[in-house]
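This note sets out points for a colleague who has the coordinates at hand. Please read it alongside the structure shown below.

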Amino acid sequence: MLGKVTVIVLAIGLSSLVVQAQSGIFESYAIINTGGSDIYYDLQATTGNPDFNGANLGSFAQCTATLRLDGGQNKTFKCSGDDITDGKIWYRVYPTGSPSGAFVSTSFPNVTPLGTGCDGNDQQWEQNAANINLLAGRAPGNYTLEVYTTADYTFTGGGGGSGTHFSNNGGANYSATFTVTGGATCPVFVTASGGTAFAPYTTLNAAFTAINAGTHQGVINITIGANTTEPATPVALLRSNSPSNYTSISIKPFGNVTINSAATPTSGRAVLEFNGADNVTIDGDDPATSGVRNLTIQLATSSSSTLAAVRYASSSTSDGATNNTIKNCVIIGSRSSATSTQTNFGIYSGTSGTSTMSTSGQSDNNDNITIENNEIRRSYWGIYCAGTSTNFMDNLIIRNNIIGSSTAADAVANRGIYFQNTQASASAASALIEGNDIRITASSSSTSSCNGMEIANGNAGAIISKNKIHDINHPNTSGYGAYGISVTGSSNNAGITIVNNFIWDITNDNWSTAISATSGDLPVGIRVSAGATGLKIYHNSISLNAANTDPATAGYSSCVQLTTTGITGTDIRNNIFSNTQTGAAGSKYFTFVIPSGFTFGTINNNDYFANTAINIIGWNGSDRTTLAAWQSVTGQDGNSVAVNPNFTSGADLHIPNATNTVLESGGAAIGVTTDIDGDARPNGFAPDIGADEFNGINPNVCSGTPTAGSISSVPASICASGSAVLTLTGASSGPGITYQWKEATAPGGTYTNVGSSQTTYTTGTITSNRYYIVDVTCSNGPSTVTTLEYALVVNPLPTVMVSPTSGLICNPGGTAVALTASGAGTYTWSPATGLDMTMGATVNASPSATTTYTVTGTDGNGCQNTAMVTVTVADKPAIQAITATPSSICSGQNSQLNINAGIFTTTANGGALTINSLGNATPYSR
């Protein structure tokens with residue numbers, strides 16, 4: 001009894017709510033059934049039974065296995081004055097790590113008195129037939145079963161009362177875990193907030209059928225708990241539209257599972273299809289399973305064409321598949337061999353509807369699709385996305401995917417990523433293609449070029465950033481192009497940005513020993529073959545260093561190839577173009593190939609490394625073997641260099657820290673704030689050249705006190721309301737040197753910052769003298785010097801006047817009006833009509849109609865001002881008749897004399913005539 005006494009004291013201390021109580025629980029158990037006999041688990045007990053708290057109850061296949069809570073047991077004591085009235089076990093189940101839900105109880109009947117304890121009143125309360133199915137409605141996952149037991153009591157001492165005793169692990173409750181898995185009979189599980197809350201299915205397509213029928217509604221979660229084999233002809237998931245009624249769908253695996261196609265999939269179809277379906281997320285990462293890609297979607301190998309693993313399609317011009325995401329999956333296509341050229345896809349968003357697929361297919365309004373962190377292999381086309389030219393594919397994101405394989409049978413063979421019609425003009429909805437790792441091994445039977453990435457028409461403002469594109473090889477001995485990034489469209493392709501990419505090892509089987517700007521059979525890092533405008537190529541590192549498939553045959557290659565002069569407004573800065581390929585005599589491996597007469601928008605701060613007889617900087621009708629020759633071709637590139645970039649290795653285009661190179665801080669500030677790794681740019685005095693912002697040593701970086709230089713102006717002085725271009729000459733320049741222009745309205749300041757980072761500054765419109773200085777700073781220190789103050793003289797405008805201020809000529813026979821200007825040095829008059837001359841202070845004006853003249857006066861400083869004068873032309877009146885009334889008189893009498901003078905009016909244009917005091921009529925005509 002000593003052991004029991006100890007337990008009794010502990011039980012009272014833990015669970016008694018009323019100090020007068022003389023009763024409690026001294027042992028408790030949970031009863032679990034896993035398909036055989038009931039198993040008693042110790043709760044508040046120490047026996048030979050397994051402990052419940054912290055136990056793993058096991059793994060149970062949904063639909064076939066058994067896991068029941070059959071009840072539990074309390075052993076209670078009561079002393080005189082107390083009574084135990086009932087007992088219960090309370091339980092709840094929730095996903096492990098996410099406690100939730102209310103506790104539910106099942107009662108214990110009083111089984112038998114134990115005949116021990118106070119007055120022999122110990123009792124056993126037990127339920128072993130509760131038959132609670134713990135697997136019911138549970139999708140595959142890890143779960144926690146949490147329990148405690150209670151015993152209600154009454155007592156008579158101290159005035160009486162009642163309460164509840166708890167066996168609850170000190171308030172923390174007892175918990176055990178278990179796992180639910182799928183199985184061959186029911187690998188797919190659907191839970192939903194509306195309609196049927198839970199149901200298992202044999203395939204994901206069967207679940208789609210139920211959702212389309214409205215069986216499951218609201219927020220829907222689909223768990224893939226075991227491998228599936230989908231039907232040969234899939235059932236496309238449709239948009240939420242009666243009878244279906246869902247707001248979102250999530251598809252996730254539990255464990256490492258594979259969604260397989262049928263052994264012979266139907267041509268033109270996919271394993272999973274989303275036809276106008278919206279708000280669907282496929283997330284292949286199971287956080288409870290190692291790795292980040294736990295879901296595989298796989299086609300059987302097939303010689304049939306136009307198959308896809310996953311397909312997004314519009315069901316009409318107004319019903320696209322929108323707001324969909326596929327991420328963290330392994331996507332395996334249907335290529336049947338390493339030499340197959342059958343058209344098939346990993347992920348396809350193209351032809352509308354589900355009847356066909358093609359490499360020219362387009363879908364309307366498949367907006368807001370995100371394809372992220374997938375691994376795609378064994379496909380001819382990895383990712384194909386194409387909107388229409390009227391209903392673009394807004395907000396396309398293709399990010400952090402691994403495309404291709406070093407294993408020939410698993411290779412992606414034709415296009416890694418292809419996208420078309422994603423935006424008509426650059427906007428926040430333009431496509432983002434970022435962080436992908438792409439390799440392509442073309443079939444030796446292929447008779448077309450292969451591309452890591454193809455940018456077709458309609459991708460205005462697209463950003464191609466932080467990708468690693470490498471090992472692009474075309475082995476056909478007839479010779480076909482192999483391209484890292486290929487821009488093939490000109491329509492709606494303005495403002496594309498290609499930035500912070502690593503591109504290396506682009507090879508083919510050499511075929512031609514003739515080069516032209518339009519040669520299509522070259523290995524090329526970035527190729528633009530259509531008239532895209534405003535193309536920005538920033539901070540890329542391109543290295544062609546691997547030998548071609550047939551290095552014994554002479555051939556050609558280029559880091560960059562621009563094929564047409566229709567490519568306009570390019571901005572190419574801060575890139576490394578390194579071509580160190582080796583080959584047979586007669587080979588020519590360029591960093592840049594352009595047509596003759598090509599005009600760059602901006603090209604500067606690049607590294608062109610090609611320093612052997614067959615490694616040549618550029619071509620534009622002929623070889624350009626030196627940087628100076630290339631600078632002559634571009635008309636720019638003043639800050640470009642030709643140095644070995646010293647990459648970490650041929651397959652790692654990072655540059656080791658502490659490398660002594662002018663690439664460190666050798667770039668221009670163009671607003672690119674991070675590098676390929678996401679590191680802040682710049683980390684030195686200026687951005688580094690190339691995709692990697694490294695911590696190198698630039699031998700040309702300034703040190704000590706810089707030279708200030710001096711300021712000059714063109715023109716030397718200006719007129720009020722004019723502007724001037726100020727130039728700093730003789731100052732220190734190079735990495736680490738910065739310039740800060742300052743302006744004041746009076747000699748000696750106070751100065752205000754007005755321009756920085758340039759050796760020139762264009763003033764705004766100013767009306768009085770201004771005073772300028774420049775602070776020249778060497779950041780390595782830092783140390784700053786200031787130029788002498790430069791006074792920019794602003795001359796006032798002359799005050800030009802004309803005398804007389806107005807003039808009048810009466811025709812016919814009127815005298816010319818002499819007009820005299822003053823206030824300036826020289827004068828020019830306009831218009832010339834009616835003037836005897838247009839130069840000089842005085843001119844004679846005799847226009848035939850009223851005219852306003854402008855005189856422009858120029859003073860000795862070249863400043864000009866104007867004045868205006870109007871010369872009015874009027875008609876001279878004529879005497880028509882003289883009369884006397886009476887016409888004859890006697891001496892001493894009076895006669896009234898009348899003169900009829902003015903302009904004789906014969907007609908009037910509309911309305912009544914108005915006669916003024918002079919006898920003139922308005923309106924009138926002669």
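The numbered points below go from the whole chain to single residues.

1. Basis. The model is predicted; local features need pLDDT of at least 70 and side-chain atom pairs count only at pLDDT 80 or more, whereas totals for chains, interfaces and linings use all residues. Residues are numbered from 1 along each chain as its sequence is written, and side-chain values use heavy atoms, with hydrogens and water left out.

2. Overall form. The chain holds three helices and 71 strands (DSSP runs, numbered from the N terminus: helices are H or I of at least four residues, strands E of at least two).

3. Burial. Of the 926 residues, 51% count as buried (under 20% relative accessible area; exposed is over 50% and partly exposed in between, with a 1.4 Å probe and protein chains only).

4. Nonpolar cores. The largest core has 91 residues, of which Ile-222, Phe-419 and Phe-592 touch the most other members (a core is a set of buried Ala, Val, Leu, Ile, Met, Phe, Trp, Tyr and Cys residues joined through side-chain atoms within 4.5 Å). Helix H2 (residues 204-212) gives the largest share of this core, five residues. Apart from it lies another core of 33 residues, including Ala-55, Tyr-143, Phe-155 and Cys-186.

5. Helix H2. Seven of the nine residues of H2 are buried, so the helix is largely enclosed by the rest of the structure. Among these buried residues are Leu-204, Phe-208 and Ile-211, and also Asn-205 and Asn-212. Just after H2, Gly-214 takes a positive phi of about 85°.

6. Cis peptide bonds. Val-714 and Pro-715 are joined by a cis peptide bond with omega about -5°; Pro-715 lies in the loop between strands E52 (710-714) and E53 (717-719). The bond from Ser-830 to Pro-831 is also cis, with omega near 0°.

7. Most residues other than glycine have a negative phi, and most peptide bonds are trans. Asn-373, in the loop between strands E27 (370-372) and E28 (375-377), has a positive phi of about 55°. Ser-721 has a positive phi of about 70° and is partly exposed, with a relative accessible area of 47%.
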